[in-house]
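Hello,

The structure we discussed is below.

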Amino acid sequence: MRRLSSWRAREARAGLLLVAPGLLLLALFLALPVVAALLLSLTDFDLYAIGDPSTARLVGLGNYARLLHDPVFWKALGNTFFFVLVGGPLTVSLSLGSALLLNHRLVRFPGLFRTVYFAPVVTTLVAVAAVWRYLYHPRFGLLNAALGLLGIGPVDWLGDPQWAMPAIVLMAAWKNFGANMIIFVAGLKAIPESLYEAARIDGAGPLQRFRSITVPLLAPTFLFVGLTTTIGYFQLFAEPYVLSGGEGGPMNATLSVALFMYKQGFRWWSIGSAASIAFVLFAVILAATLLQRRLQRGGDA
Amino acid sequence: MSRRALTSLALHAALVAGAVVTLAPLLWMLSASFMTTGEANASPPPLLPAKATLAQYRELFVRLDLGRSFVNSTVLALCAALLSVVVNAAAGYAFAKLRFPARGRLFTGLLAAMVIPGQVAMLPVFLLLRSMGLVNSFAGVILPGIASIFGIFLVRQFASSVPDELLDAARIDGAGELRIFWSIVLPLCRPILVTLGVLTFLGTWNDFMWPLIVLTDDAKWTLTVSLASLAGEHVQDTELMMAGAVVTVLPALLLFLFLQRSYIDGITAGSIKE
């Protein structure tokens with residue numbers, strides 16, 4: 001009996017010892033900073049306060065109120081929503097489409113195609129953004145050359161405020177669809193082949209089989225993919241940073257909330273204001289997460 | 001032609017078209033990196049160099065000293081991967097197999113914290129690193145990212161399958177808990193640790209925002225930061241930029257090709273519900 005309890009104590013000690021480094025790091029670099037960010041967002045912490053924190057003053061919700069009246073912030077929020085609402089569905093449909101193709105039983109070398117489609121995911125964003133910057137070049141770009149063959153006139157992809165955000169969406173879809181595709185393929189593989197066989201015997205056509213077997217059984221995967229894509233896309237930063245030379249131009253057309261926060265915080269050192277931007281972003285992501293979880297629960301019922 | 005053959009033809013045509021579009025930007029990057037300066041700036045853009053040259057790569061490594069950034073990125077990614085594997089493996093195993101006070105509550109807390117976007121912590125973390133004197137240091141780049149909730153989950157899921165009998169047998173033989181972790185659990189969890197290591201290595205290698213914020217001295221820059229800076233200064237030098245992009249992308253792609261299995265397992269593991 002004594003031996004057992006001393007074992008238990010040793011186990012508990014070891015458990016605490018093993019989780020300690022991870023949890024301490026998370027406390028230091030995640031939990032504490034989030035609380036600090038909330039406090040900072042209520043102050044006018046700036047460049048001077050970095051040298052002497054006592055110069056920062058509490059401004060209550062002043063930073064948030066100013067954001068609400070800042071047209072640049074609304075522009076950034078609008079751009080980010082555009083990216084999420086247009087880029088998200090585009091990316092997820094490409095992922096699903098390619099997964100369905102790959103998963104077809106007649107396909108030869110599915111592994112090869114999978115690797116090719118997945119390649120953009122592991123590439124370095126900054127590097128491929130530099131590549132796309134030249135693909136989008138109005139005169140020398142490959143994209144306009146290809147469109148020219150189809151008789152479509154040259155588009156100033158990154159210079160025209162109307163086209164700059166769609167250009168970013170297109171690049172992001174290319175870069176990211178492979179990741180979701182892999183998850184969809186895993187989801188599709190988990191659907192038992194016997195269900196399709198049974199439906200075929202019952203005389204169901206391909207479209208009907210897709211609607212009554214694939215769609216409902218893939219729904220959880222779909223929601224997972226939708227959620228992670230949404231969360232990731234709300235944090236849009238490096239794409240517009242590189243494609244617009246760090247500014248979010250032309251005319252703030254590609255300024256995202258995260259880029260706006262970066263500029264406020266790390267370029268102008270308005271840390272209090274930047275912290276409030278970060279929290280608005282957090283709130284938006286949290287709301288989107290809760291909304292999708294609710295949809296999921298509604299779907300399960 | 002039978003219907004089956006037609007379907008197969010259409011299917012493969014679509015797959016090949018998709019593959020061409022997917023690879024086109026990467027192939028053009030590679031091709032343009034071997035062109036002479038100014039060659040790519042023509043209309044219509046040339047697909048292949050008239051005469052392949054390594055001049056751009058020479059310029060990058062000899063004059064612009066990109067080799068230093070390459071070394072920086074490699075060292076940072078290796079250190080981050082190693083540390084992350086050890087720290088998250090320890091926590092993941094403990095959450096899976098060891099009973100200790102507040103385990104359940106701590107784990108629920110971690111679950112909840114997963115929704116916090118990284119940007120929220122960035123400003124205070126920067127101020128914290130500054131007070132620790134770690135701004136413009138490699139430690140400042142990797143330290144905040146070592147412990148990862150996702151990594152802890154990944155290991156915890158895998159470690160749950162380690163049989164309790166095995167651990168108890170080791171205890172009866174008189175092995176200490178740390179010894180059990182080090183010489184029994186870690187080897188058993190090797191597949192998931194490789195996955196975690198690859199994911200962390202590539203995540204660090206590809207990361208841009210954080211090294212951009214932390215590293216002020218260009219001798220310490222990573223490849224991504226150097227490349228973004230080059231893109232600002234050498235915006236007209238298409239071929240040079242493409243060579244820089246190749247140098248940055250290629251190691252990540254090669255690592256992925258060699259360790260594809262582990263990488264893809266990691267991505268799909270995150271999607272599987274408990």
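**Cavity**

The lining of the largest cavity is made up of four nonpolar, three polar and no charged residues (Ala, Val, Leu, Ile, Met, Phe, Trp, Tyr, Cys and Pro count as nonpolar, Asp, Glu, Lys and Arg as charged, and the others, Gly among them, as polar). This is a predicted model, in which local features need pLDDT of at least 70 and side-chain atom pairs count only at pLDDT 80 or more, while totals for chains, interfaces and linings use all residues. Residues are numbered from 1 along each chain as its sequence is written, chains are lettered from A and ligands numbered from 1 in the order in which they are written, and side-chain values use heavy atoms, with hydrogens and water left out.

The lining residues of the largest cavity are Tyr134(A), His137(A), Phe140(A), Trp28(B), Ala40(B), Asn41(B) and Thr238(B). The cavity holds about 30 Å³, and the search of the whole structure gave one cavity of 30 Å³ or more. On a 1 Å grid over the protein atoms alone, a cavity is a set of points where a 1.4 Å probe fits but cannot get out; a pocket is an open set with protein on both sides within 12 Å along at least five of seven lines, and lining residues have an atom within 4 Å of a point. Points are joined across faces, edges and corners, and a volume is the space filled by probe spheres set on them.

**Second largest pocket**

The second largest pocket has a volume of about 860 Å³. Of its 20 lining residues, His104(A), Arg105(A), Arg200(A), Pro206(A) and Arg209(A) are the closest to its centre. The lining comprises nine nonpolar, four polar and seven charged residues.

**Domains**

Chain A is assigned domain 1 (2-35) and domain 2 (73-300), with bounds from an automatic or database domain assignment. Their centres, taken over C-alpha atoms, are 38 Å apart.

Regards
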